[in-house]
Amino acid sequence: VPEAVRTAFQKSYADWTVTDLNKETDTETKVEVYSVDINKAGKMLELDFKPDGTLVKTLELRDNDWAPP
């Protein structure tokens with residue numbers, strides 16, 4: 001994971017728990033992103049960061065949003 005992504009994550013979400021991390025291509029923008037799933041006190045988010053650390057998407061997840069591959 002690029003240092004810029006780690007730094008951007010730590011600035012706003014240091015007290016959240018990372019549950020999953022993947023490098024993927026965003027289906028909408030076709031841009032390579034680092035997708036980070038996090039949770040805190042029962043709230044789950046998916047964050048997509050560009051390699052330069054720019055946060056490009058935040059999605060709140062619910063239990064029924066998750067499906068195994």
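Residues are numbered from 1 along each chain as its sequence is written, and side-chain values use heavy atoms, with hydrogens and water left out. In this predicted model, local features need pLDDT of at least 70 and side-chain atom pairs count only at pLDDT 80 or more, while totals for chains, interfaces and linings use all residues.

**Exercise 1. The fold**

Task: State how many helices and strands the chain has, and give their pattern along the sequence.

Solution: 
- Step 1. Helices (H or I, at least four residues) and strands (E, at least two) are DSSP runs, numbered from the N terminus.
- Step 2. The chain has 1 helix and 4 strands.
- Step 3. Along the sequence the pattern reads α-β-β-β-β.
- Step 4. Contact means heavy atoms within 4.5 Å. Of the contacts with a separation of 6 or more, 26% join residues 24 or more positions apart.

**Exercise 2. The two sides of the helix**

Task: Find which residues of α1 are buried, and which exposed residues its opposite face carries.

Solution: 
- Step 1. Buried means under 20% relative accessible area, exposed over 50%, and partly exposed in between (1.4 Å probe, protein chains only). Buried residues make up 28% of the 69 residues in the chain.
- Step 2. In α1, the buried residues are Val5, Ala8, Phe9 and Tyr13.
- Step 3. Look down the axis of α1. These residues fall within an arc of 100°, so they line one face of the helix. The arc is that of the directions from the helix axis to the C-beta atoms.
- Step 4. The face turned away from the buried side of α1 carries the exposed residues Glu3 and Lys11.
- Step 5. The cover over the buried residues of α1 includes β1 (17-25), β2, β3 and β4 (55-61).
- Step 6. Take Ala8 as a case. Leaving out residues up to four places away in sequence, Ala8 touches Phe49 and Gly53.

**Exercise 3. The aromatic rings**

Solution: 
- Step 1. Rings of Phe, Tyr and Trp (its six-membered ring) pair if their centres lie within 6.5 Å; planes under 30 degrees apart count as stacked, over 60 as edge-to-face and the rest as tilted.
- Step 2. The whole structure holds 2 aromatic pairs.
- Step 3. Phe9 and Tyr13 are 4 residues apart in helix α1 (residues 3-13), so about one helical turn separates them.
- Step 4. Phe9, Tyr13 and Trp16 form one aromatic cluster. Phe9 is buried at 9% relative accessibility, and Tyr13 is buried at 15%. Trp16 is buried too.

**Exercise 4. The charged pairs**

Task: Locate the salt bridges, then say what is the nearest side chain of opposite charge to Asp37.

Solution: 
- Step 1. A salt bridge is a side-chain nitrogen of Lys or Arg within 4 Å of a carboxyl oxygen of Asp or Glu. The structure holds 3.
- Step 2. Lys40 and Asp15 meet at 2.7 Å, N to O. Lys40 lies in strand β2 and Asp15 in the loop between α1 and β1, so the pair ties together parts that are 25 residues apart in sequence. Lys40 is partly exposed at 35%, and Asp15 is exposed at 51%.
- Step 3. Glu32 and Lys23 meet at 3.8 Å, N to O. Glu32 is partly exposed at 35%, and Lys23 is exposed at 54%.
- Step 4. Lys57 and Asp48 meet at 3.6 Å, N to O. Lys57 is partly exposed at 26%, whereas Asp48 is buried at 2%.
- Step 5. Turn to Asp37, in strand β2. Lys and Arg count as positive and Asp and Glu as negative; His and the chain ends are not counted. Asp37 is buried yet has no salt bridge, and the nearest side chain of opposite charge, Lys57, is 9.5 Å away.
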